[in-house]
Amino acid sequence: MISLSATLAAPFAGASLALPATPPVTAADLWREGVHLEWWELSDLLQECTGWTIKPGHCPDDPDEVGHWLIDPSGDKEGAIWPGPDIDDLENFVGWRIDEALDSLDS
């Protein structure tokens, strides 16, 4: 006796199902969707778009306090350190640079 499932599956036994390749999700894709990036992801995206980067460091006034430096394309620190482990303020400060660069890529 042949089972119903074997009868239904027989035409597909030799078939293979190829799914289309899905492009990888990039930091730029996440940024455009409003996803909060970690500092290194934001730094990589900023560098891709503008040549600027972000580096963690310590505040000169308090060696126990961690912050982030904004680094220009020549490797120099720009302004004072952005204090604290949270990069929301820094993200707001550099966001326009990323948005402008991504907009120019899209057009």
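This is a short tour of the structure, stop by stop, with something to select at each one.

**Start with the whole chain**

Keep in mind that this is a predicted model. Show the chain as a cartoon. The secondary structure comes to four helices and three strands. Now follow the chain along its sequence. The pattern reads α-α-α-β-β-β-α. How much of the chain counts as buried? Of its 107 residues, 27% do.

**Stop 1: helix α2**

Select residues 27-32. This is helix α2, and both D29 and R32 lie in it. Show the side chains of D29 and R32. They meet in a salt bridge, with 3.9 Å from N to O. The structure holds one salt bridge, so you have found it, because a salt bridge is a side-chain nitrogen of Lys or Arg within 4 Å of a carboxyl oxygen of Asp or Glu.

D29 has 32% relative accessibility, so D29 counts as partly exposed. R32 has 40%, so R32 counts as partly exposed too.

**Stop 2: strands β1 and β2**

Select residues 53-58 for β1 and residues 66-71 for β2. The two strands run antiparallel, and six bridges join them. Pick P56 next. Which residue is the bridge partner of P56 in β2? The partner is H68. Now color β2 by accessibility. This strand is mostly covered: five of its six residues are buried.

**Stop 3: the loop between β1 and β2**

Stay with these two strands and select D62. This residue is found in the loop between them. D62 has a relative accessibility of 32%, so D62 counts as partly exposed.

**Stop 4**

Select residues 77-83. This is strand β3, and β2 pairs with it in the antiparallel sense over four bridges. Go back to H68. On this side, H68 stands opposite W82 in β3. Then pick G67. What stands opposite G67 in β3? That place belongs to P83.

Now trace the turn. β2 and β3 form a hairpin, with five residues between them. Select G75 in this turn. Its phi is positive, at about 95 degrees.

**Stop 5: helix α4**

Select residues 88-106. This is helix α4, and D88 has its place here. D88 has 34% relative accessibility, so D88 counts as partly exposed. Select H36 as well, and draw a distance between the two C-alpha atoms. D88 and H36 are 52 residues apart in sequence, and 8.6 Å apart in space.

Move on to V94, which also lies in helix α4. Is V94 buried or exposed? V94 is buried, because its relative accessible area is 0% and buried means under 20%. Finish by drawing a distance from V94 to W52, again C-alpha to C-alpha. The sequence puts 42 residues from one to the other, and in space they are 9.4 Å apart.

Technical notes. Residues are numbered from 1 along each chain as its sequence is written. This is a predicted model: local features need pLDDT of at least 70, side-chain atom pairs count only at pLDDT 80 or more; totals for chains, interfaces and linings use all residues. Side-chain values use heavy atoms; hydrogens and water are left out. Buried means under 20% relative accessible area, exposed over 50%, partly exposed in between (1.4 Å probe, protein chains only). Two strands pair if DSSP finds at least two bridges between them.
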